[in-house]
Amino acid sequence: EELVLTQENVERALGDAKETLGTLFGNSEQNRGVGITGDVELADLDGPTVVLRLRGRFWHKRADVLARVANYLQKRIPEIFEVSIEDEKQLDDSERNALQ
């Protein structure tokens, strides 16, 4: 189902992405049980640009998580021109980011 570009719809599509792409995130008890705590949040909506925030530890590289979530959001909300990250440091796969 395609949605129009609003903050509410971006948050809705982001929630749907977490369910659909579930193994990427720490949203299930099983994932948290093995130390996967990753989460993605809407940091800002600037016109047709969605800015995301990554936190925690992911199964996959953070850049891959961002790309997959961006693809999902752009398919659900075609008006989205770009999906970016709040801070490039959040794409660092080091342990430091996994603890935030």
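Two strands count as paired if DSSP finds at least two bridges between them. Hi everyone, let me start there and walk you through this chain.

A word on provenance: this is a predicted model, where local features need pLDDT of at least 70 and side-chain atom pairs count only at pLDDT 80 or more, while totals for chains, interfaces and linings use all residues. Residues are numbered from 1 along each chain as its sequence is written, and side-chain values use heavy atoms, with hydrogens and water left out.

So, what is in the chain? There are four helices and three strands, where helices (H or I, at least four residues) and strands (E, at least two) are DSSP runs numbered from the N terminus. Along the sequence they come in the pattern α-α-β-β-α-β-α. Of the 100 residues, 41% count as buried. Buried means under 20% relative accessible area, exposed means over 50%, and partly exposed is in between, with a 1.4 Å probe and protein chains only. The accessible surface is about 5900 Å², and 46% of that belongs to carbon and sulfur atoms; these areas come from the Shrake-Rupley method with a 1.4 Å probe, and for residues only the protein chains shown count as cover.

Contacts next, meaning heavy atoms within 4.5 Å. Among those between residues at least 6 apart in sequence, 56% join residues at least 24 apart.

Now to the strands. Strand 1, residues 39–46, pairs with strand 2 in the antiparallel sense over seven bridges. At one place D39 has R55 in strand 2 as its bridge partner, and at another L45 has V50. The hairpin of these strands has two residues between them, and there G47 takes a positive phi near 60°.

How does strand 2 pair with strand 3? In the parallel sense, over four bridges, with strand 3 covering residues 82–85. V50 has V83 as its bridge partner in strand 3. To get from strand 2 to strand 3 the chain passes through helix 3, and this β-α-β crossover is right-handed. Right-handed here means that, with the strands pointing away from the viewer, the path from the first strand over the helix to the second runs clockwise.

Strand 2 itself, residues 49–55, has six of its seven residues buried, so it is largely enclosed by the rest of the structure.

Let's stop at S84, found in strand 3. Is S84 buried or exposed? S84 is buried, at a relative accessible area of 19%. V51 stands opposite S84. Leaving aside neighbours within four places in sequence, S84 is in contact with T49, V50, V51, L52 and L66.

That L66 takes us to helix 3, residues 62–76. This helix has 15 residues and reaches 21 Å from its first C-alpha to its last, close to the 21 Å expected at 1.5 Å a residue; the expected span is 1.5 Å times one less than the number of residues. Its buried residues are R62, V65, L66, V69, A70, Y72, L73 and R76. The arc is that of the directions from the helix axis to the C-beta atoms. As a reminder, an α-helix has 3.6 residues a turn, so residues three or four places apart point the same way.

Last stop, helix 1, residues 7–20, which includes V10. The end C-alpha atoms of helix 1 are 20 Å apart, in agreement with the 20 Å its 14 residues should span at 1.5 Å a residue. N9, V10, A13, L14 and A17 are buried in helix 1. They cover an arc of only 140° around the axis, which puts them on the same side of the helix. The face turned away from that buried side carries the exposed residues E8 and E19. Covering the buried residues are, among others, strand 1, strand 2 and helix 3.

V10 is buried, at 0% relative accessibility. Leaving aside neighbours within four places, its contacts are L5, L42, L45, V50, L73 and I77. V10 and V50 are 40 residues apart in sequence and 8.1 Å apart in space, C-alpha to C-alpha.
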